[in-house]
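Work through the exercises below with the sequence and model open. Try each task before reading its solution.

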Amino acid sequence: MKTLLLLILCTGSVLAQQIGNPTTQQGVIPARGTFAIRNARIVTVSGPDIENGTVVIRDGKIQAVGANVSVPAGAQTIDGNGLSVYPGMIDAGTNMGLVEVPQGANGTVDTSEVGDLNPNAKAIIAVNPHSAHIGVTRVEGITNTLTAPTGGLISGQAALINLLGTSPKEMAVVPQLALVINYPRVAGGGGGFGGFQQQPANLSDTLAANERQLEQIRKILRDAEAYGRAQDAYAKDKSLPRPDHSVVLEPLVPYVRGEQPVIFRADREAEIRGAVKFAEEMKLKPIILGGNDAAKVASLLKEKNVPVILTGILSLPVREDDAYDALYENAAKLQEAGVRFCISTGDAGAEVRNLAQFAGMAAAFGLPKADALKAVTLYPAQIMNVADRLGSIEVGKMANLVVTDGDLLEIRSHIRYLFIDGRPVVLTSRHTELNDAFKNRK
Amino acid sequence: MPKIRLCLLVAFALFFINSNANAQRSAIDTYAITNARIVTVSGPVIERGTVVVRNGLIAAAGANVSAPPDARVIDGTGLTVYPGLIDSYTNLALPEAAPSPSPGGAPPRPAAPGPNSTQPPGLQPEVMVEDVIRPGGNEIEASRNTGITTALTSARTGIWMGQSALINLTGDTPQQMIVRSPIAMHVSFTPLRTGGYPGSLLGVFAALRQMMRDAQRYRDSMQIYERAPRGMRRPDTDRSLAALVPVIEGRMPVVMLANSEREISRALDLAEEFKLRLVIAGGREADRVADRLAKQKVPVLLSLNLPKRTTAAIPEADPEPLRVLRERVEAQQTAGKLAKAGVRFAFQSGSLTNMSDLLANASRTIENGLSQTDALRAFTIWPAEILGVQNQLGSIEAGKIANLTVVRGDLFDRNGRVTHVFIDGRPFEIKPPQESKQ
Amino acid sequence: MRRFIAKLLFVAIIATLPLSSVRAQKQTAPETLIRNATVLTVTRGTLQNTDVLLRNGKIAAVGKNLNASANTRIIDGTGKYVMPGIIDCHSHSMLDTINEGTLSVTSMVRTADVLNTTDVDLYRELAGGVTTLNLLHGSANPIGGLNTVVKIKYGRAANEFLFPGAMPGIKFALGENVKRSSTPNQPGVTRRYPNTRMGVEETIRDAFTRARDYKRTWDEYRAASKNDKSLIPPRRDLQLEPLVEILEGKRYVHAHSYIASEILMLINVADEFGFKIKTFQHALEGYKVAKEIAAHGAGASIFADSWAYKIEAYDAIPYNAAIMTRAGVVVSMNSDSDERARRLNIEAAKAMHWGDLTEEQALKLITLNPAIQLGIQERVGSIEVGKDADIAIWNGHPFSVYSRVDTTFIDGDVYFDRAQDLARRPELAKERAALEQAEPNRPRPKGESPQTPRRRPSGHEDDDIEVEKP
């Protein structure tokens, strides 16, 4: 039925009338319901495309997908003629929601806590659900981001969020998904991580300083392991001395036990090798975030089965003599070597909406188009261990879907409909509202 | 007759006593190096001959010259006598450099105010190095031990760095050192570090340009005023602009520090714009602009501080850029290429920390295309010509200043060793180096 | 002696190795014929299955089944797209330094004095189909230095880069960068004026007032000195002369600006003194005052979708290009970044996504419009017979994310070719291996440690005052 279209139009016009305060904020998130997108091309990602099919959404989940799917009674329908349905895109390397304006509005910057060891800093706590970045990002088809803190050595814990919700709790898919560690950097200068001291100019000194920092991390992880055992032992046997709680060590326990992944920010070859080695030594489950030199370390990454969240596809090559397309073709090289990876913007927030362009560039330089799409949908879901819920259009998964009038990765396509958690999302944002306010000024 | 001779003797003695120039002269000032190989540079090599030094000058040099009876004789068997080597660009004899301000540290203490100037320090072309040079010191000795007898010395800092002097590396007073001053105006394309304008390379060029325009106007205004001062407000005097007038009129050469192709091109452009008599100092990539240097007749004071890698290999380090690798190899070839292109050049030490590398590096340029004859010329007659002292230095000819470099073996041979230098006719014996070579 | 011979041999080997990429070989054929391509002319629509003939540095012919001569190099353009070389109207590539920040008015400094032709990012930009750059002074001053328009003739001498006949220009800057750059470096040193947008206006007003008086002084002198040769001429002031040129309409003003109020401010000042602003650079709130910008006759050179990186960018919207274009403003997309400059094709395509500009309107954003803004539209900006042969061959439509550049031509010479780049890589590797053996390049066993490598900052540069080229 056309009810859904009407609903969206009404909501749109109501919001449009609220212009004067052009910041789309929602006090009430749209309700779940039953929806059917019919006669559309369905790009499931996990299987072959369905040229003419139907997706049924119910109570937040994908209920049915196929060429001959029956539409439940009472479902609001969307005519998908000429349109394509994709899973919502996932960016696994952002600070989404933690910073509004990085320069000149320090009050809006919540990415990096003081001190070097902050495992108890949880990104989900500080995510601002009403950040303008969230609205402008989701209307481009990105439905999920991993939001990570930055700074120090152990920055904190990253959260996987839906880009929809009026509170962090509503947004959280996995509130504490990964520990984030800044592997000590070989290169200095340029964009910093806040907590670091002035880096020595001399490489040997830098490496020595890095070793000391690594030792700090090692020590606290060992402490956490011992802490965890002590807590468990006491829980079983109350006759033992009662160990005090530690807000710093407690959150580390699942990570040091390898139950949850640890993200290491590392770009250069030495950093990636070091991170992989360190993770093996400390029995952690590593994920590399960054990975500019990953192609050089591909065999090691494959051997140790360490996945990479590539953020530098659109960065300038690391070294003067690097080939002009060294980073463009990073993803293709990892694919060829059998290394697990996904593609991310690596951005704090404002540029996350360009995720498709990062994937597209990788495809322009050797990554097959289907894999480029997976790199921003299924692969990040798999790497983050949420592929049971996200990343493709399969029955039972969360209904995070985006409907376009063309190839999702192509910039010339337009987003027509958006669902997050099976809720229809109005395609307005701070930017569409400013556009509406000024486009007719004569 | 005897009376006259006595008077003459007394007068001569008085002249000796009173003349400052002779104040520290050794009583014996006549030397002869006999049985030596003499490379005069101005003529063919004399396989075995004698050089006579008297009164600070070369008295004679030749195969048939004999040692005068009053001469102290040095047996030149196995020795080669060359004209004293000239280092065409140094900072020798300058007072200690002020420590550079550390970034983020306390603000630099304001320097004691210098003589009145309309310009801030660093933009004062009126500064002359002859006013501050001091004799003696370890650096001068190190240069002498390498075989250098004469050096151009210039200030270290500033944009208009001031006016240089040519000094002999001997003498007990600054005046005795000076062969000629001023030699040239010196320019470095380095912004001021005081936080004032110009604070970037952009501003450096604009400041140089503006001052040269102002100097042109200053000269014209002064001429107009001098001709008919009545009825006209007098223009302010300005020593800085006055010092630039010989520069913009092409009477005083300008030495600009430039090593990369683009730095040299910029210097050439500026010189063309203001019709300056340009000399390039550094010149590491001068071969890439050789055509233009030859066409504009710009000589090069070519640095022998050849780039070389100083770092160890560390696995975590990036490989060095190709650009740097090429640069190091190509720098050795510059001298040979300049010679082939007809560009006049002279060698300079270029702030070598280890002066004993000077001749070794010169040998490398010979291995990379420079002829040995040209290499020697680049240490002797060519710098003399470029710096305007070819009538006094640069070759072994009677009447020229007795600056000589005496070598056991050949100057550019790895086994050659400098045994003596003569400067202003005064000998220095050079002991063999005690420390083992690095 | 043996060592001497070894060194000689080594030198001989080095001498025969292919020349470095910096001294790129001139890839000239007198004629190049691209056959059977899709030609995006910009001004005459899209031509299918069309040939383009380049001769003597110009586009000699565009049409079907063109003839080739024996000397013509023929390129099969089947499946390929040919478009004009991209023109980046806001670049800081190939400059040894970007800002002279010590004074509020630095119109005496010239970017042409600090060109660095060996900047490797130039090559990377060629690989993105860019052929012309507007090299601008930074945004540290209300009135900054003089610009340079260049063709990216990577490998040639600096004077060959200069774009023949380009109008001279100058950089102005308004807003936060100007106010920020007055932060004192040393305690006890006064801040540089201005500290507010009020002061920015006053700085510009004062400079033009002085320029106007300076012009009058010189006009009076020239008249008087016809009869009296004994007059002392006024001082030639290299700071004020470019401002006089602006007043006389001989120099374009490119004004970095963000918010609507300062855009209007500068229009008012310009109107008052009787000159025109040629482009507002960035102008991220230009959409709010599009009609005023159009009425003044200024163009706008903007980012496609960057926003929120500082407060004055918080109201930026990606519909900016579309709104201003429809209001009659000549709009271009620029990079202000060596990184973004490599993908201006997609930046232009964004205006089709946000704002629904047509393909032709979007193409103009990186071709004809920046050419107009720089006064070079007679020579470049579209594929027309007689214009300079500054073009790029793409393996797909330039607005597709999946496309990349095959070959970039400037004046008919090849300055980037992907196949050649790939072929050169093993040669460069061999050259490196040989060079690393040379004595001056060998590592010293007891040597000092190498420097810590520097990391390039990612993301925006935006005339960032602190970011100097390494």
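**Exercise 1. How many salt bridges are counted between chain A and chain C?**

Ground rules come before the solution. This is a predicted model, in which local features need pLDDT of at least 70, side-chain atom pairs count only at pLDDT 80 or more, and totals for chains, interfaces and linings use all residues. Residues are numbered from 1 along each chain as its sequence is written, chains are lettered from A and ligands numbered from 1 in the order in which they are written, and side-chain values use heavy atoms, with hydrogens and water left out.

Solution. 
- Step 1: apply the criterion. A salt bridge is a side-chain nitrogen of Lys or Arg within 4 Å of a carboxyl oxygen of Asp or Glu.
- Step 2: count. Five salt bridges run between chain A and chain C.
- Step 3: inspect examples. A:Asp321 pairs with C:Arg432, with the closest N and O atoms 2.8 Å apart. C:Glu292 pairs with A:Arg441, at 2.7 Å between the closest N and O atoms.
- Step 4: C:Glu292 sits in helix 8 (residues 290–296) of chain C and A:Arg441 in the segment after helix 13 (430–438) of chain A, so the pair joins two chains. Helices here are DSSP runs of H or I with at least four residues, strands are runs of E with at least two, and both are numbered from the N terminus.

**Exercise 2. Describe the contact between chain A and chain C.**

Solution. 
- Step 1: list the residues. Chain A brings 65 residues into contact with 60 residues of chain C (heavy atoms within 4.5 Å).
- Step 2: take the area. About 5,600 Å² is buried, and carbon and sulfur atoms give 52% of that. Buried area is the accessible area (1.4 Å probe) that two parts lose on being put together, summed over both.

**Exercise 3. Are A:Arg319 and A:Asp322 buried or exposed?**

Solution. 
- Step 1: A:Arg319 and A:Asp322 form a salt bridge, with 3.4 Å between the closest N and O atoms.
- Step 2: both A:Arg319 and A:Asp322 are buried. Buried means under 20% relative accessible area, exposed over 50%, partly exposed in between (1.4 Å probe, protein chains only).
- Step 3: compare another pair. A:Arg416 and A:Asp405 also meet in a salt bridge (3.4 Å, N to O). A:Arg416 is partly exposed at 42% relative accessible area, and A:Asp405 is partly exposed at 29%.

**Exercise 4. Which residues of helix 2 of chain B are buried?**

Solution. 
- Step 1: helix 2 covers residues 138–146, and B:Ile140, B:Ser143, B:Arg144 and B:Thr146 are buried.
- Step 2: seen down the axis, these buried residues fall within an arc of 160 degrees, so they line one face of the helix. The arc is that of the directions from the helix axis to the C-beta atoms.
- Step 3: their packing partners in chain B include strand 6 (85–90), helix 10 (357–367) and strand 17 (417–423).
- Step 4: just after the helix, B:Gly147 takes a positive phi of about 110 degrees.
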